[in-house]
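Dear colleague,

Please find below the sequence and the structure for your files. A summary of what was found follows them.

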Amino acid sequence: MAHDREPEGLATFRAALPALRGPLHRYLARMAGSVIDGEDILQDALIAAATALQAGAQVDNLRAWLFRIAHNTALNHFRAAKREAAMKEHLIHLPPMPQPAPWSALPEALTPYLALSPTQRSMVILRDVLGYSAAEVAALTDTSISAVKSALRRGRVALRAARDDDEAATASTVLSTAQTEMLRRYAALFNAHDFDALRDMLSNEVRLELVAVEKRQGKARVSGYFSNYAKREDWHMVPGQIEGRPALLSVDRADPDGAPRYFILLDADAAGVQAIRDFRYARYAMGDARWLRI
């Protein structure tokens with residue numbers, strides 16, 4: 001029936017998304033100062049875009065339209081975080097929750113962008129990182145070309161200062177002994193193809209996100225995830241950190257000392273592995289991630 005057909009715009013969006021997802025993430029990772037938080041905002045932006053297209057939105061320039069949605073989603077995310085912090089302080093009368101120290105040496109360090117205001121940050125990333133013209137940046141952000149140029153001047157000055165400070169600073173996150181032991185055991189079992197033992201490490205309510213593909217919850221459903229890895233020989237897992245978080249770094253089996261190609265975030269406690277976030281199909285995140293072997 002006609003009303004069951006997918007809107008043409010939504011079909012075009014799905015076809016174009018594999019090529020657009022990486023550039024969108026590159027923008028949002030710098031806006032958020034984190035490849036992981038950037039992926040969270042990206043998913044929210046893509047849901048908003050798909051919802052609009054499903055409702056019949058007409059789009060002439062899909063790339064520009066998606067960047068505009070990503071831009072607005074990021075700003076909404078920052079506003080929501082600011083409101084939440086203010087509400088905690090004003091209503092609950094508690095000091096703001098301590099935040100982990102920013103990782104200070106991400107490749108093409110992402111954290112200095114956080115020294116800029118959200119508007120300056122967006123202008124600098126769109127113009128200097130992604131290569132849009134001033135006129136295109138103005139159209140993407142619904143502002144004037146003169147406002148773009150003004151924000152660019154201030155943002156570039158602030159970014160240079162932040163990078164100088166960043167180079168002089170050091171920041172590190174030390175995993176606990178339990179986290180380190182868990183990662184080493186998990187990696188060893190993975191490399192030995194002992195997937196039954198890995199399944200035994202899962203908690204009953206474990207959550208899995210195969211980024212850009214699917215989500216699962218519960219030990220029974222997540223257990224099947226390992227079957228796909230059992231069929232492949234294109235990986236070797238190394239225990240490590242991504243932005244200070246426990247992770248497996250997937251390297252080429254033929255070059256185990258080489259740079260990782262993607263990563264898997266792991267969240268575990270005494271009850272077992274609570275969450276797995278696998279970036280195998282979102283390898284664009286690895287290019288901007290700060291990683292460390294342990």
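**The sheet and its surroundings**

An open sheet of 7 strands, with mixed pairing, runs in the order β2-β1-β6-β5-β4-β3-β7. Its edge strands, each pairing on one side only, are β2 (214-217) and β7 (291-293). On average, neighbouring strands of the sheet are turned by 25° against each other, direction ignored. Strands here are DSSP runs of E with at least two residues, helices are runs of H or I with at least four, and both are numbered from the N terminus. Two strands pair if DSSP finds at least two bridges between them. Angles, from 0 to 180 degrees, are taken between the N-to-C directions of lines fitted to C-alpha atoms, for helices over the stretch in contact.

Please note that this is a predicted model, in which local features need pLDDT of at least 70 and side-chain atom pairs count only at pLDDT 80 or more, while totals for chains, interfaces and linings use all residues. Residues are numbered from 1 along each chain as its sequence is written, and side-chain values use heavy atoms, with hydrogens and water left out.

Gln241 has Leu292 as its bridge partner in β7.

Two helices may be described together with the sheet. Helix α2 (residues 35-54) lies across β1 (202-210), β2, β3, β4 (245-251), β5 (262-269) and β6 (272-278), and runs at about 70° to β6. Helix α7 (residues 177-191) lies across β3, β4, β5 and β6, at about 155° to β3.

For the protein as a whole, the secondary structure comes to 10 helices and 7 strands. Of its 294 residues, 45% count as buried (under 20% relative accessible area, with a 1.4 Å probe and protein chains only). Among contacts (heavy atoms within 4.5 Å) with a separation of 6 or more, 63% are between residues 24 or more positions apart. The protein exposes about 15200 Å², of which carbon and sulfur atoms supply 53%; accessible areas come from the Shrake-Rupley method with a 1.4 Å probe.

With kind regards

Note on methods. Buried means under 20% relative accessible area, exposed over 50%, partly exposed in between (1.4 Å probe, protein chains only).
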